[in-house]
Amino acid sequence: MIGMEIIYAALGLFFFYTAYSALRRGAGQGAALAGFWGLYGLHFIAGSVFNDFSNGLIIIGMTFLALCMRSRSLMPTVVETLPLSGSVLAGGEDGAKKSMVRLLLPLLVVPLVAVLFVLAAPWMHWHGRSLIDPKRANQIGYVLATLAGLVVAWWRLRPPAGLPFASGSALVCRVGWPLVLPQILATLGGVYMAAGVNQQLGVLLTIILPPGNELAAVLGYTTGMMLVSALVGNAFAAFPILFGALGLPVLVQSFGLSPAPVAAIGMLCGFSGTLLTPMAVNFNIVPVSLLGLQDRFAVIRAQIPAAFFVFAGNTLLLYVLTFFEGHSSP
Amino acid sequence: MVDHGSWMTLLGLGVIIGGVILRMNILFVVVASSLITPLLAGKTPYEAVAMLGHYATSARYISVMWTILPLIGVLEWAGLADAARGLVSRLTLKTPGHVLQGYFILRQISAALGLTSLGGQVQMVRPLIAPMAEEAGRHITNGTLTEEERERLRAAAAATDNVAGFFGEDIFLAVASILLMQAVLEANNVQVLPWQLSVWAIPSAAMALAVSWLCFRKIDRSLRR
């Protein structure tokens, strides 16, 4: 069975290679970079073998090394242009058209193969045993799709051997420590849940809001979804808290709204919050380092109009629905 | 449940707020909060570190998205950014606003059809959309695009991907957020069908499209000067 362990091991090796090339380049922060990516590689290769405490120590060690790297990777001193070589682009208009197809093809192969794989995964059996881990079919499909994309790229572009690794780990170094943040934020969600933070926040909100007022309840619910999503950087973590604390007992059970719009509109208010926070790292901070932007909040700033407009519209929509108590089906 | 010890855990959220306000390293803030919160809930330091390690190890699957980086590296080596710029001159996308609006609609439709992986910051924005928007910007400013404007176009490209993806994907029936809502509702003994949830995402999609149209027009106007 193809499980996640093979993929983790391969990714671990890739991060080891990144550490090695950082060390070879040396230059000041080389040691911190090498240590950071080396520890991360170890976490991937041996994470399942180590006990929880050792894995925790690895994450703490990486955090201190990230402090040594400062946020240089977030605010590059020199904004480089997107690296270009244009080596394939020769031969005028006709050649350019051909190379565009050649370059876009591998990029489009990825989503196509990923979707096909997820659809086909339930039928992949061998002597009654599933060939792939069904719980992680999405991730496995994605990895196989990127490999398929690489094969197509290799066939059409003939890059020098070793280039995928070299350029891939150069990109890893450019993104820097924010690369690990999506994973660590999911960790934070798990820790909060285990420590009971979610329940406490729900209890607190029901105490604060005045009882029996539709507008206050709607505003408390939608604003709460937006703020908690912004705080933890994830609407998925905020939804069970606020739906359980306000959505179901107050909006649905007291005011007679249908549960479906309350849930759906609440989740979308959470999405507005996610667009406004540096805690939603892979959406709002990773592109800042990926595109070499100077202003850490540049992407969030560009999202403010859409986030607030959609939030206001959704809050209004939910409030209007309270006038049709019990008739707001579906 | 409402004992003194567990109320203290809310201070763990305070650590995040304080860290963001003080502009500290976010990785440090998040790790600090996930160590302090269990301590406030009465766990021992050993248990707190083990908790961090446990959830980090089981969340490794999220970092699988980075396996695409070698492919992006190869395509950029082969001149993908240049090719994207070439594409702008051949399509009738003459302004950055048109490029971004086109991508917005494409992203929203494909997300609504469940193809969320057709977009993305690493997969699409950096290699393709940002260079296309910049090239169009160079075109309408006659090559006098300032560093500041270039930065604004790149940020707008990243924002387009996020906004269109967020307010498009919920229309699809089998997306993660719909499944999560269904699971939470079911845990509270409420049965709903996925389409009953997804139909309420349509107003948001329309609102996001309208605002973005205005924003893109504003970008074009300010570049034309």
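1. A residue is called buried here when its relative accessible area is under 20%, exposed when it is over 50%, and partly exposed in between, with a 1.4 Å probe and protein chains only. By that scale B:Arg154 is buried, with a relative accessible area of 2%.

2. Some conventions come before the details. This is a predicted model, in which local features need pLDDT of at least 70 and side-chain atom pairs count only at pLDDT 80 or more, while totals for chains, interfaces and linings use all residues. Residues are numbered from 1 along each chain as its sequence is written, chains are lettered from A and ligands numbered from 1 in the order in which they are written, and side-chain values use heavy atoms, with hydrogens and water left out.

3. Chain A has 14 helices and two strands, where helices (H or I, at least four residues) and strands (E, at least two) are DSSP runs numbered from the N terminus. Of its 330 residues, 56% count as buried, and the accessible surface of chain A comes to about 13,800 Å², with 69% of that area belonging to carbon and sulfur atoms; accessible areas come from the Shrake-Rupley method with a 1.4 Å probe, and for residues only the protein chains shown count as cover. When contacts in chain A between residues at least 6 apart in sequence are taken together, 71% of them join residues at least 24 apart, a contact meaning heavy atoms within 4.5 Å.

4. Chain B contains twelve helices and zero strands, and its pattern along the sequence is accordingly written α-α-α-α-α-α-α-α-α-α-α-α. Buried residues account for 58% of the 225 residues in chain B, and the chain exposes about 8,900 Å², 67% of which is supplied by carbon and sulfur atoms. Among contacts in chain B between residues at least 6 apart in sequence, those joining residues at least 24 apart make up 70%.

5. The interface deserves a careful look. In general, the size of an interface is often given as the accessible area lost when the parts come together. For chain A and chain B, about 11,300 Å² is buried between them, with 78% of it on carbon and sulfur atoms; buried area is the accessible area (1.4 Å probe) that two parts lose on being put together, summed over both. On the residue level, 138 residues of chain A are in contact with 110 residues of chain B. The count of salt bridges between chain A and chain B is one, formed by A:Glu5 and B:Arg60, whose closest N and O atoms are 3.8 Å apart.

6. Over all chains, a search of the whole structure finds eight salt bridges, each being a side-chain nitrogen of Lys or Arg within 4 Å of a carboxyl oxygen of Asp or Glu. A network of salt bridges links B:Glu134, B:Glu147, B:Arg150 and B:Arg154. Because B:Glu134 lies in helix H8 of chain B and B:Arg154 in helix H9 of chain B, the pair ties together parts that are 20 residues apart in sequence.

7. B:Glu134 is buried at 1% relative accessibility and B:Arg150 is buried at 10%, whereas B:Glu147, at 45%, is partly exposed.

8. A nonpolar surface patch of about 510 Å² on chain A is made by A:Leu13, A:Phe16, A:Leu42, A:Ile45, A:Val49 and A:Phe50. Patches are made of residues with over 30% relative accessible area and no salt bridge, like charges being joined within 9 Å and nonpolar side chains (Val, Leu, Ile, Met, Phe, Trp, Tyr) within 5 Å. Helix H1 (4-25) and helix H2 (30-46) of chain A each supply at least two of the patch residues. A:Phe16 lies in helix H1 and, at 31% relative accessibility, counts as partly exposed.
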